[in-house]
Amino acid sequence: MKNIRITALLFIVVFSLVSFTNFTESAKYKCMIQMTNYTGEGAYIVISLLNPEGDYVETLNVIGDDDEWYNTIESWWDFYGKKRNDIDAITGATVSGGERTINVIEIDNDKLDKGYKLRFETAVEDQDYYESDVEFELTSETIKSKVEGKGFIRYIRMMPQ
C-alpha cells in the first residue's frame with residue numbers, strides 16, 4: 001500500500017512539473033550563404049538572433065572555428081565575449097570568396113512575426129568587418145526568402161526543412 005501511495009505521489013509531482021513547463025516549439029531552416037568574389041582569407045560569419053530592440057538574444061551559428069579571430073566580429077564579441085558560453089553551433093572552416101555554405105539553424109516558432117531579427121556579421125582578416133552584412137526581420141515570409149548582402153555575403157537563402 002505504501003508503494004502505491006509513493007508511486008501516486010511521484011506521478012502527481014511529475015505531472016505537475018510537466019504541465020507547468022513551457023515547451024517552445026522550434027523549426028529548422030536550411031540557410032545557404034553565397035559569398036561575393038573577393039580575394040583574401042576566408043570570412044568568419046556569425047548568425048545571431050536579435051530581439052525587437054536590436055539586442056542579442058542567441059548565437060545561432062558560427063562559421064569559422066579558430067576562436068582567436070572571434071573578436072574581429074566586434075558587435076557580436078561584445079555580447080559573446082563577456083559570457084564566453086559554449087557554442088554548439090560552430091560549423092567549421094571559414095568560407096572564402098565565391099564559395100557557398102549550407103548550414104541548418106534552429107529558430108523558436110514564437111520568434112516569428114514578433115519583431116525579432118536575424119543578423120549575419122562577417123569579418124575577413126586584414127579586411128573589413130560588416131556588422132549587418134545581412135539583417136532582416138523574422139516573418140513567415142522572410143524566413144523562406146532570398147536576402148541580398150552588403151559586404152562579403154552576396155546573398156543568403158532560407159528554406160524551412
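In this predicted model, the largest nonpolar core takes in 28 residues, and I33, L118 and F120 have the most contacts inside it. As a rule, nonpolar side chains in soluble globular proteins tend to be buried together.

Setting aside neighbours within four places in sequence, L118 touches I47, S48, L49, L60, I105, I107, V134, E135, F136, L138 and M158.

On to the strands. Four of them make an open sheet in the order β4-β1-β8-β7, paired antiparallel. β4 and β7 (146-148) are the edge strands, each pairing on one side only, and the twist averages 25° from one strand to the next. Between β1 and β8, which run antiparallel, there are 7 bridges; M32 stands opposite R157 in β8.

Then there are the charged side chains, with 4 salt bridges in the structure. E135 pairs with R119 at 2.8 Å, N to O, which ties strand β5 to strand β6 across 16 residues. E135 also bridges to K117, with the closest N and O atoms 3.8 Å apart. R119 is buried, at 9% relative accessible area, whereas K117 is partly exposed at 29%, and so is E135 at 27%. Another salt bridge joins K111 and D110 (3.6 Å, N to O).

Key. Residues numbered from 1 in each chain as written. Predicted model: local features only at pLDDT ≥ 70, side-chain atom pairs only at ≥ 80, totals over all residues. Heavy atoms only, no water. Core = buried A, V, L, I, M, F, W, Y, C linked by side-chain atoms within 4.5 Å. Buried < 20%, exposed > 50% of the residue type's maximum accessible area, 1.4 Å probe, protein only. Contact = heavy atoms within 4.5 Å. Pairing = 2+ DSSP bridges. Helix = DSSP H or I, 4+ residues; strand = E, 2+ residues; numbered from the N terminus. Axes fitted to C-alpha atoms, helices over the stretch in contact; angles between N-to-C directions.
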